[in-house]
Amino acid sequence: MKVTLLGTRGSVGRAGPATVRYGGDTSSVEVESSDGSTLLLDAGTGVVHASPAAVSGTVHVMLTHLHMDHIQGLGFLGPLFDPGTEVHIWGPAATNATLAARLGRYLSPPLFPVHLRDLPSLTLHELEAGSTTSIGPFTVTTDRIIHPGRTLGFRVLGDGKCLTYMPDHEPVLGAEHLTAEPAWTSGYALARGADLLIHDAQYTNEEYAARVGWGHSTLSHAVDFAELAGVDRLVTFHHEPDHSDDLIDQWLEEIRRDREPSFELEGGLAAASFEV
Amino acid sequence: MATQHPIELILARQMADAMSHPMWITDAAGNLVFYNEPAESILGVRFREVGEMPASELADRFATQDLDGTDLPAEELPLVIALTEWIPAHRPMRMRGFDGMWRTIGVTAIPLVGEGERRVGALATFWELED
């Protein structure tokens, strides 16, 4: 599989000279299998950078949750307005409203000029936690992970490899440190032994202390989680908007030096691609 | 995939861990998966000493009686009601802890039903009553 980071920023976009390398667009990732099939994971503003292959033919967009930084790009996804392109959007089920009703809050006036119901060739799919779905050559297993609201993590199998995607995740919630017990760790089953883990690393330790319960991790939490899950490679994601490229580089260098992780640790750079 | 408890149980344990009143958590099969520190004084043993316990062992470890001293059928226990009828249940009762001591307690159990109506377990809170 080829995995490309289309948007890496968390919460809100932040374009500017200080965020050129790690990027200013919000969460979106493209996954391509060896046969050319594609999946788009989340549709933050970064989704507009999807490859031509990912936005033609039959398009699949899988949403971890419906916070704005994960859906804002939907309104600007060309295939949604092309009657010749079949678009499937997969998102978490809820008990109080359908996926259409919840997405429609954004994709309708006054927030957006076009109604969701007016988009041609769109099919919505509600994903239950714990479900496994086959999409072309991909098999995607979902589960609820700790983040406010209905939020899923994805375990994507393709070409015999495993990508785990948890852009917004706070496995440490309610504890001082990540537990050493896999059975009691949010997201463990999805991430166990993954070839590539893309994981929330939004905050510094100081920032986290003031934002417990907001649903995000520190770089240190992400490293702890990756160690526990035994992944081969961790790519940090959902960068805090106020963090500059230079600061993210510095923190990565420090944690590589201090922790000597047993896996490959990389910062999630805008447009970076990984062969899995 | 490796065994991992459902997110609802993980969150319930984290909540119980933070509470100052006794709480007990079972999975959907009735296996004890956690009780918190305040529960240890009533149950008579630290959780870390006994750990998770199969449902089949619980009746032997923690005997129960009605307030008049008659044995309580399992189906009348609040936790069992929560796990079989999936409704909250409450009753005062007597329980013999791991230390062999009988105590009079009140028990309130609630079922834990997650997303998609997934039945993931039950949570009970209990407290000592005056005899």
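## Chain A: helices, strands and overall form

Chain A of this predicted model holds six helices and 14 strands (DSSP runs numbered from the N terminus, helices being H or I of at least four residues and strands E of at least two). Its radius of gyration is 18 Å, close to the 19 Å that the globule rule gives for 276 residues, so chain A is as compact as a globular protein of that length. That radius is taken over C-alpha atoms, and the rule is 2.2 Å times the number of residues to the power 0.38. The C-alpha trace of chain A spans about 55 × 40 × 35 Å along its principal axes.

## Inside chain A

Of the 276 residues in chain A, 57% count as buried, meaning under 20% relative accessible area with a 1.4 Å probe, protein chains only. Look also at contacts (heavy atoms within 4.5 Å): among those between residues at least 6 apart in sequence, 66% join residues at least 24 apart.

## A sheet in chain B

Now to chain B, where six strands form an open sheet in the order β2-β1-β6-β5-β4-β3, with antiparallel pairing (two strands pair if DSSP finds at least two bridges between them). β2 (32-35) and β3 (64-65) of chain B stand at the edges with a single partner strand each, so one side of each has no neighbour in the sheet.

Five bridges join β1 (residues 23-27) and β6 (residues 119-128) of chain B in the antiparallel sense. Here Ile25(B) stands opposite Leu123(B) in β6(B).

## How to read the numbers

Residues are numbered from 1 along each chain as its sequence is written, and chains are lettered from A and ligands numbered from 1 in the order written. Local features need pLDDT of at least 70 and side-chain atom pairs count only at pLDDT 80 or more, while totals for chains, interfaces and linings use all residues; side-chain values use heavy atoms, leaving out hydrogens and water.

How values were computed. Buried means under 20% relative accessible area, exposed over 50%, partly exposed in between (1.4 Å probe, protein chains only).
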